[in-house]
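Let's take a friendly walk through this model, with an eye on its aromatic rings and one of its helices.

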Amino acid sequence: MSFPLFKNISALVNVTSQKIIFSSSSFKMPKTKLSSAKREINSSADSKSPGSESANGESVQKLRVFVRKKRTKKTVQTTVEEVKPEILDQKPCSLPEIEDFGYGKDSSFPRLTKTPDNWEKVLEGIRKMRSSEDAPVDSMGCEKAGTSLPPKERRFAVLVSSLLSSQTKDHVTHGAIQRLLQNNLLTAEAIDKADEGEIKELIYPVGFYTRKASNMKKIAKICLSKYDGDIPSTLEELLQLPGIGPKMAHLVMNVGWNNVQGICVDTHVHRICLYRLLINDPLALSRTSTPEETREALQLWLPKEEWVPINPLLVGFGQTVCTPLRPRCGICTVSGFCPSAFKESPSPSSKTK
C-alpha cells in the first residue's frame, strides 16, 4: 500500500537529483585571483603586446606583479673625537635642591670674580630702614627660641625651632615653640618619652608637621645616645640629623655654639640677592639657582663680620619692604641701586622645578 504523499516526495527527489547531476556536468570553477593570474600569464607569453588577442579573439591584459624590496640596513659610521683633558675636569651643571644638597661638594655655578658695586651703600640703606626692628623675625625668629633656658636646653630649642621653621612663617613657628615649652617638651629627654601624636598636635599647623614630629623624635634619640642630651657641635654632624639642611645648621652653629662657619641663607635672603640687590655684576649672584649656591657666592666676597647680621637684616627687609609679591619700592631708599625696582618679580620658590 503506497501513499500519494510519499510518491510526490520521491518524484521530487528524483527530479532534484537529475538537476544536480545535469548542472554538475556544466559546472565551472569560479574565477579567483590566482587562477586568473595564471591564465593571464600563459596567454601573455604568446602575445606580442599587452593588447594582443588570444586564439578565441579575447583580449588579454598583461598582469603586473609587484615585488616588495627588502630594506637594506644602512651602516652609520661614527667618528670618535679626541676629548681634551680640560673638558673632562668640568662637572655637569646640576641644580640641587637645598634639602638634597650634599654639604662639602663643589658647586657648578660660576665663581664670582669681582665684588658687586655699591654693596656697602645698599646694606647701610637697609640697616636704616630696619632700625625700628618691627619685622616678625626680630621677635619670633629661630634665634629667639628658648632665650630664658640654660645654654644646653637653649641650644636644643634653637635646633627644634630651626627644624620647624622650614616652609613655615615665623609667627607659626614661634607659636609651636611656645606650646612645646608650656608642655615641657623642649628637651631631648622629654621629646624622646613623649608620644608622637601629642607632638603633632602641639606643633600644628607648621608645614609638614607630621614629618617634622617624626624627625623630632629621631633627633632626640640621637642627641641622647651620642651627645648626652646636647646637640652636635660641628657642622658636619648637624647636617647628618634628619630634616636639618645647610641653612639650619649654620644658624644653629651661629646661635648655639657662637661658631660662625657660613652665612644662613633662606628664601628671603636668596630672593633679595638674586632678583633685586647685590647683583650689579652680571656674573655675581644672577646665576645662582638655590639658596645654598647663593650662600657660597656671598661668602666669596662678603666680609666675615657681616655673615651673621646679614640674615636677620635681609629677612626682615623681605618681610616688611621688599616683599615677594608686591614689593614696596616707593618707600625703599635703595631702589636706585636695585635692578628690579618697580618691577613685580615672582619669588624663586614659585618657579617650576
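## Aromatic rings and a covered helix

Trp 301 is buried, at a relative accessible area of 10%; buried here means under 20% relative accessible area, exposed means over 50%, and partly exposed is in between, with a 1.4 Å probe and protein chains only. Before going further, note that this is a predicted model, in which local features need pLDDT of at least 70, side-chain atom pairs count only at pLDDT 80 or more, and totals for chains, interfaces and linings use all residues. Residues are numbered from 1 along each chain as its sequence is written, and side-chain values use heavy atoms, with hydrogens and water left out.

How many aromatic pairs does a search of the whole structure find? There are two, and the table shows them. Rings of Phe, Tyr and Trp (its six-membered ring) pair if their centres lie within 6.5 Å; planes under 30 degrees apart count as stacked, over 60 as edge-to-face and the rest as tilted.

| Pair | Centre to centre | Between the planes |
|---|---|---|
| Trp 119 and Trp 301, edge-to-face | 5.5 Å | 65° |
| Tyr 204 and Tyr 209, edge-to-face | 5.0 Å | 85° |

Trp 119 belongs to helix 4 and Trp 301 to the loop between helix 14 (291–299) and helix 15, so their pairing ties together parts 182 residues apart in sequence. Helices are DSSP runs (H or I, at least four residues), numbered from the N terminus. Trp 119 is buried too, with a relative accessible area of 13%. In the tyrosine pair, Tyr 204 is partly exposed at 48% relative accessibility, and Tyr 209 is partly exposed at 29%.

Arg 155 lies over the face of Trp 257, 4.2 Å from the ring centre, while the charged end of Arg 211 is over the ring of Phe 208, 4.9 Å from its centre.

Now for helix 4 (residues 119–129), which includes Met 129. Among the residues that Met 129 touches are Phe 317 and Val 334, where contact means heavy atoms within 4.5 Å. The C-alpha atoms of Met 129 and Val 334 are 9.5 Å apart, though 205 residues separate them along the chain.

Helix 7 (residues 170–182) is worth a look as well. Its buried residues include Asp 170, Gly 175 and Leu 180, and their cover includes helix 6 (151–165) and helix 10 (209–227). After helix 7 comes Asn 184, with a positive phi near 55°.

Methods
Helices (H or I, at least four residues) and strands (E, at least two) are DSSP runs, numbered from the N terminus. The expected span of a helix is 1.5 Å times one less than its number of residues. A charge sits over a ring if NZ of Lys or CZ of Arg is within 6 Å of the ring centre and within 35 degrees of the ring normal. Lists of a residue's contacts leave out its neighbours within four places in sequence.
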